[in-house]
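Please open the structure in your viewer and keep the sequence panel beside it. The tour below goes from one selection to the next and says what is to be found at each stop.

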Amino acid sequence: KQHHEFKAPFGWASEFAGVPELLLVDVTPLIAGMYLMQCHLFTAYVWTFLRVVYTIEIHSGYDLWVWRLIPFYGGAPMHDH
């Protein structure tokens, strides 16, 4: 995981990945899920946006209180363990 090479918490560093990781972990599950579920294009855009926001948030290093309201959401502290 190349994005774990950054020493300071920086949310946008989460998008830094090598080609194999990008294809196997990010793109393939996203495209396969959308294809298998046959979702609407707008739904695909919203889901992609939410996944990118989620990824940036958990790599930011901040523990925002509002995320504790969502059950089973670990956020940045869960990612750090």
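A term is needed before the first stop: the bend at a residue is the angle between two axes, one fitted to the seven residues that end there and the other to the seven that start there. Please also keep in mind throughout that this is a predicted model.

**The whole chain**

Begin with everything displayed as a cartoon, where the protein shows 3 helices and 0 strands, so that from the N terminus on its elements read α-α-α. If you switch to a surface display, the accessible surface comes to about 6,800 Å², and 71% of that belongs to carbon and sulfur atoms. Buried residues account for 21% of the 81 residues. Among the contacts between residues at least 6 apart in sequence, 37% join residues at least 24 apart.

**Helix 1**

Next select residues 19–37, which make up helix 1. This helix has 19 residues and, from its first C-alpha to its last, reaches 25 Å, which is close to the 27 Å expected at 1.5 Å a residue. Centre the view on Val27, where helix 1 has a kink of about 40°, shortly before the proline Pro29.

**The nonpolar patch**

Now show the side chains of Val19, Leu22, Leu23, Leu24, Val25, Val27 and Ile31, which form a nonpolar patch on the surface with about 640 Å² of accessible area together. Pick out Leu24, which has its place in helix 1. Why does Leu24 count as exposed? Its relative accessible area is 65%, and exposed means over 50%.

**The loop at Gln38**

Move on to Gln38, which follows helix 1 and is found in the loop between helix 1 and helix 2. Its phi is positive, at about 50°, although Gln38 is not a glycine. Most residues other than glycine have a negative phi. Gln38 counts as exposed because its relative accessibility is 67%.

Then select residues 41–58, helix 2, whose 18 residues reach 26 Å from the first C-alpha to the last, close to the 26 Å expected at 1.5 Å a residue. Colour Ala44, Thr55, Ile56, Glu57 and Ile58, which are buried in this helix.

Finish at Trp47, which also lies in helix 2 and is partly exposed because its relative accessible area is 47%, a value between the 20% limit for buried and the 50% limit for exposed. Which residues does Trp47 touch, not counting those up to four places away in sequence? The answer is Leu30 and Met34.

Methods: Residues are numbered from 1 along each chain as its sequence is written. This is a predicted model: local features need pLDDT of at least 70, side-chain atom pairs count only at pLDDT 80 or more; totals for chains, interfaces and linings use all residues. Side-chain values use heavy atoms; hydrogens and water are left out. Patches are made of residues with over 30% relative accessible area and no salt bridge: like charges are joined within 9 Å, nonpolar side chains (Val, Leu, Ile, Met, Phe, Trp, Tyr) within 5 Å. Accessible areas come from the Shrake-Rupley method with a 1.4 Å probe; for residues, only the protein chains shown count as cover. A salt bridge is a side-chain nitrogen of Lys or Arg within 4 Å of a carboxyl oxygen of Asp or Glu. Helices (H or I, at least four residues) and strands (E, at least two) are DSSP runs, numbered from the N terminus. Buried means under 20% relative accessible area, exposed over 50%, partly exposed in between (1.4 Å probe, protein chains only). The expected span of a helix is 1.5 Å times one less than its number of residues. Contact means heavy atoms within 4.5 Å.
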